[in-house]
Each structure stands twice: as C-alpha cells, then as structure tokens.
Amino acid sequence: MKITDARVIVTCPGRNFVTLKIETDEGLTGVGDATLNGRELAVAAYLRDHVVPLLIGRDAHRIEDTWQYLYQGAYWRRGPVTMSAIAAVDTALWDIKGKAAGLPVYQLLGGRSREGVTVYGHANGETVDEVLGEVARYLDLGYRAVRLQCGIPGLASTYGVGADKMFYEPARGTVPEENVWSTEKYLSFIPTLFARAREEFGPELRLLHDVHHRLTPIEAARLGRSLEPYGLYWLEDPVPADLQEGFRLIREHTTTPIAVGEVINSIWDCADLIRNQLIDFIRCTVVHAGGITHLRRIFDLAALHHVRSGSHGATDLSPVCMAAALHLDVSIPNFGLQEYMRHTEATDEVFPHGYHYADGYLFPSEEPGLGVDIDEEAAARYPYRRAYLPVNRLEDGTVHPW
C-alpha cells in the first residue's frame, strides 16, 4: 500500500492546530496531529518543505522503518519541531494500519489493559473559594481527579488561571503577554489552597498541582514537603527538566510524587529521570514525543522503573492527538492518569471523533484506526491566527530564568 499524497492543514477553530492527512493508493487515509503551541507554522513548514516530499511512494505499512528514516535521515535530531513532524506521520500511519486491519489501534498495541482511561480536569480561579467551586463542578461531572491552580495574592495574573474555566487557552495575542511572578508569594500561599481543598473534599479525591517549571530544586523541595500533609497525587513540573540532577535534590527532601515531561521530546531526554527513579509520572505526549511508536518506547522504559504515564492533554492537543493518546493509555500496563481539557464545539466540528467521556473516564473509539478525522471544509472556515504563550518576569523586571 503506497502513500500517494500528504497534506498539511492549518486551522484555528478557537486556537491553532496543524494536522497531516496521508492518502494511499488503496483509498485509506490517516491523520496525525503536528501542533506545537505558539510555533505551529514552524512544524507546518517542516512538514510541507522537508517531510511530505519523502513520503510519496513509500509503503504505508512500514511504520517503524518510516520513523527511523525520518529521524535518522534528518541528521539534526530531536527537538520539538522535528519530533512533532515525525509524530504526525507516525500517528497517521497507525491510523491507516488500523483501518487496513479493520481494528482500533489499541488492538494492534496488544489490546486492552483497562476498560476506561481515568482523566483529570482543571479547576482554576482567582480565589480559593472560586477554585473550590470549580472542583465541585468537576465532581458533579464525575471526575475522580482534579488539578488545582489559583491566583496568587499580590500578583496581577497567574499562568494557568483564566476567565474561561472549561476551555482555558493560554496562547493568545499577536505578542506574548507578560506576567509578573514572585516565588515568595507563591510558596507561602499554595499550601493554604490544598489545606482548604482537603478540608472540603476529603482524602480520596486525587488532587494535582502544576508549578510550570518556576522553582529552583531547593524551592521545589520546600514546596513538596509543605504539601505532604495534603497527599497530592502529583506535583507537576516543579523545575525545568534541563538540569536533571536537580530532581535528585527534590527527591531527597520530599515524598510528594513528581510528574514531568510535557516539553520532553524523546526517550533520550528523560531516560536518566526514569532509570534513576527521580520522577513518578512521565507526561510526554504523542504529538511532541515522536508519535505512538516512540511514546510507547518511553512508556515501556518507564514501566521497568515504577514510573507511570500521565500524558499532557491540554487544548493545544487536537482531538487527533487525544484519540491517539487514548489508544496508548488503554493498552499500556503502567498507565497513571490522562489530562483532559475539553475542546470547544468548533474544534469538535472540525475534528469529528468517536472517543467519549463517561463517569470520570475517557473511552477510545471502537472504529478501525484512531476513530478521528478532520473535516477539511469546516477547517477552511477557521484561518490561522498568530498566538503566543505568555512570558514571566520577576517583580524587579527580570525575565524569569526558569
């Protein structure tokens, strides 16, 4: 089965998405997500100018060979642009493979390890009372795990806190927004948020928090220790993953579980964190970590070292990526949790899909392939709009170094 065409589709039904659609001489098509938040056109150009010409005429069934060909052949390896482009090709080929076999992709990955995929939502607000109200709303929707993010008293704005609660999207504006950050105000306030949450919702609800890479290792250790009485399911991205030795210092000072990985693009970027058991959850995702083929390798390594999956699932991942993630989630033995931020009605119109939510779980489609597609006519109604993620500055005006 030969690849006859591959198209890069950029659309913005509320936020920007990049999708690759591959066609074959047997009439089967497949889709892959190539969205890189705030740098979407870089991946679109990489695909159009460098990858698509290499795909025409290749055997669509040779997924592993194509992955190695694109990775090894580029010479300039890894990085978010390259790995997102490879991910789009890989995911689309798995979609085609499932359709050719007449099976949902998870069956090609070994079948089910669980019935449903436990997901968590985002409860955010400017005040503690507002956040707790959002937690209650997620509980009413059946969620078993919730991430809590709150405005910090004394700071005008905080990344992760938005006016639109269910469909929060931080990338916007023709130039980056600038937020002011104070580690001191943050560290003194956050434990009070989780004290209130445990008091109101009890010990069984899984509570999570995202630091967004803003602390030093010793500051992160202090935060982890201060949150130990409240039994967080995980503390996410406490420090950047660039200096990985810093995670050892955190580990030596707190038993709060650590999650990291949404900006990690390859197994080589997280192997030491996993092998040394410096983290508890690896948050790499299909679109940014080289597709289903490569992310499965990361999860397999993690399984050998008591590290569970916790894939990124914010709105910058299209329903194509979410569908692919669910097929992996339901099949791997070391699944932990899946982030799930709901998409807007316009996004769901552009990306019709068969996965569904019920009672705290997402269920992958039972259709052959991934069970998702792109409506190109609908996509054409939503042209690209430039948008950036915000930049943080300290109170003295310094660009935040972390």
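Two strands count as paired if DSSP finds at least two bridges between them, and helices (H or I, at least four residues) and strands (E, at least two) are DSSP runs, numbered from the N terminus. With that in hand, let's walk through this predicted model, in which local features need pLDDT of at least 70, side-chain atom pairs count only at pLDDT 80 or more, and totals for chains, interfaces and linings use all residues. Residues are numbered from 1 along each chain as its sequence is written, and side-chain values use heavy atoms, with hydrogens and water left out.

Start with the sheet. It is open and antiparallel, with its three strands in the order β1-β2-β3. Because β1 (3–11) and β3 (29–33) are the edge strands and have a single partner strand each, one side of each lacks a neighbour in the sheet. From one strand to the next, the twist averages 20°. Eight antiparallel bridges join β1 to β2 (residues 17–24), and here you will find valine 8 opposite leucine 20 of β2.

Now look for the helices on this sheet. Helix α1 (residues 40–55) lies across β1 and β2, at about 175° to β1; angles run from 0 to 180 degrees between N-to-C directions, and axes are lines fitted to C-alpha atoms, for helices over the stretch in contact. Helix α3 (residues 80–101) touches β1, β2 and β3 (contact means heavy atoms within 4.5 Å), and its direction makes about 145° with that of β3.

Finally, turn to α10 (residues 291–303) and α11 (residues 319–331), whose axes come within 11 Å and cross at roughly 35°. Ile292, Leu295, Arg296 and Phe299 of α10 meet Ala324, Leu328 and Ser331 of α11.
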